[in-house]
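Please look over the structure shown below before reading on. The briefing that follows goes through its helices, its loops and its cores.

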Amino acid sequence: MIDSDGTQQPAPRRNRVLDALVRAERKVFTRPAPKSAKSQIEFLYTRAKRSTKALAEQLGVSPRTVQRYRAGQQTKPQKRLQAVLVEETESRWQPQVRAQARERAATTAGMHVEVYAYFGFECTGSSDDGRERFISTAISPAYAAEILRLQEAGATEEDLHPVVAEAITESYFTDWGSRAQGLRADFTHVRSIEIEF
C-alpha cells in the first residue's frame with residue numbers, strides 16, 4: 001500500500017486471533033441464527049426496540065429498505081447488506097449462551113487453540129531455532145480469562161499476540177512449567193488459528 005506522499009506503508013494485519021474468538025463464540029450457539037434476510041431483519045428489528053430508523057442506521061440503509069424487507073417486498077440483499085445482516089445477527093444471537101461459554105472458559109474449562117504460525121524462542125541454554133509450526137494445545141482458564149478480558153476491552157491483534165504466545169508456551173513448550181524453564185516463545189506470521197471454548 002502506497003501513501004499519498006509516495007511512501008510504502010505496511011500492509012494491514014489481519015485480525016486472525018480476534019476473528020478466531022468471534023468464531024469460537026458462534027460455535028457454541030444451541031440454535032442456528034436466522035438465515036433469510038427477512039428473518040434477520042425481524043430479529044434485528046426487535047433488538048433495535050422496534051425502531052425502523054434505528055435499524056436502518058445500524059445497517060447503513062434507508063428506513064424504506066428496512067420496511068421493504070419486513071414486508072417481504074425485497075428478499076435478496078446486495079452483498080454488502082447481506083454481510084452486514086449476517087454479522088449483526090450473529091453478534092447479537094444468543095447472548096446468554098455466549099456469556100455462559102465465556103464464563104466457563106475463564107473459570108474452569110479454559111480454551112483449546114490450534115495455530116499455524118512462525119514461532120521464535122528466547123531461552124537460557126539451547127533451544128530450537130524459530131520456525132513455522134502447527135500447534136494444538138489447551139490454554140488454562142487463567143489465560144483464557146485474560147484473553148477474553150482483553151478482547152472485551154477492545155484489544156488489538158498486537159495486544160493479544162503476547163498473551164496467546166505466553167499461554168501456548170506454558171501449556172505446549174514448558175508443559176505447565178515441568179520442563180524448559182525460562183523458555184519464552186513468540187509467534188508471528190499467523191497463517192491460521194482456531195479457538196474453542
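Contact here means that heavy atoms lie within 4.5 Å. By that rule, and not counting residues up to four places away in sequence, I168 touches V113, V115, F119, I135, T137, F173 and F187. The model is a predicted one, in which local features need pLDDT of at least 70 and side-chain atom pairs count only at pLDDT 80 or more, while totals for chains, interfaces and linings use all residues. Residues are numbered from 1 along each chain as its sequence is written, and side-chain values use heavy atoms, with hydrogens and water left out.

**The cores**

- A nonpolar core is a set of buried Ala, Val, Leu, Ile, Met, Phe, Trp, Tyr and Cys residues joined through side-chain atoms within 4.5 Å, where buried means under 20% relative accessible area, exposed over 50% and partly exposed in between, with a 1.4 Å probe and protein chains only.
- The largest nonpolar core has 31 residues, and those with the most contacts inside it are M111, V115, F119 and I168.
- At least two residues of this core come from each of α1, β1 (111–122), β2, α7 (141–152), α8 (157–173) and β3 (184–196); these helices (H or I, at least four residues) and strands (E, at least two) are DSSP runs, numbered from the N terminus.
- Helix α8 gives the most to this core, with seven residues.
- Apart from it lies another core, of 16 residues, among them F29, I41, Y45 and A48.

**I135 in strand β2**

- I135 lies in strand β2, residues 131–139, and it counts as buried because its relative accessibility is 1%.
- I135 touches V113, E114, V115, F119, I168, Y172 and F173, not counting residues up to four places away in sequence.
- I135 and Y116 are 19 residues apart in sequence, and their C-alpha atoms are 6.4 Å apart in space.

**Helix α2 and its neighbours**

- In helix α2 (residues 37–47), the residues A37, Q40, I41, F43, L44 and Y45 are buried, and the buried residues of α2 pack against α3 (52–59), α4 (63–71) and α5 (79–92).
- Helices α2 and α3 pack at an angle of about 115 degrees, with their axes 9 Å apart; axes are lines fitted to C-alpha atoms, for helices over the stretch in contact, and angles run from 0 to 180 degrees between N-to-C directions.
- In this pairing, I41, L44 and Y45 of α2 meet T52, L55, Q58 and L59 of α3.
- Helices α2 and α4 pack at an angle of about 120 degrees, with their axes 8 Å apart.
- This second contact is made by A37, K38, I41, E42 and Y45 of α2 and V66, Y69 and R70 of α4.

**Positive phi values in loops**

- Just after α2, K49 takes a positive phi of about 55 degrees.
- R50, which is not a glycine, has a positive phi of about 55 degrees, and R50 lies in the loop between α2 and α3.
- R50 counts as exposed because its relative accessibility is 54%.
- Q94, also a residue other than glycine, has a positive phi near 45 degrees, and its place is in the loop between α5 and α6 (95–109).
- Q94 is buried, because its relative accessible area is 10%.
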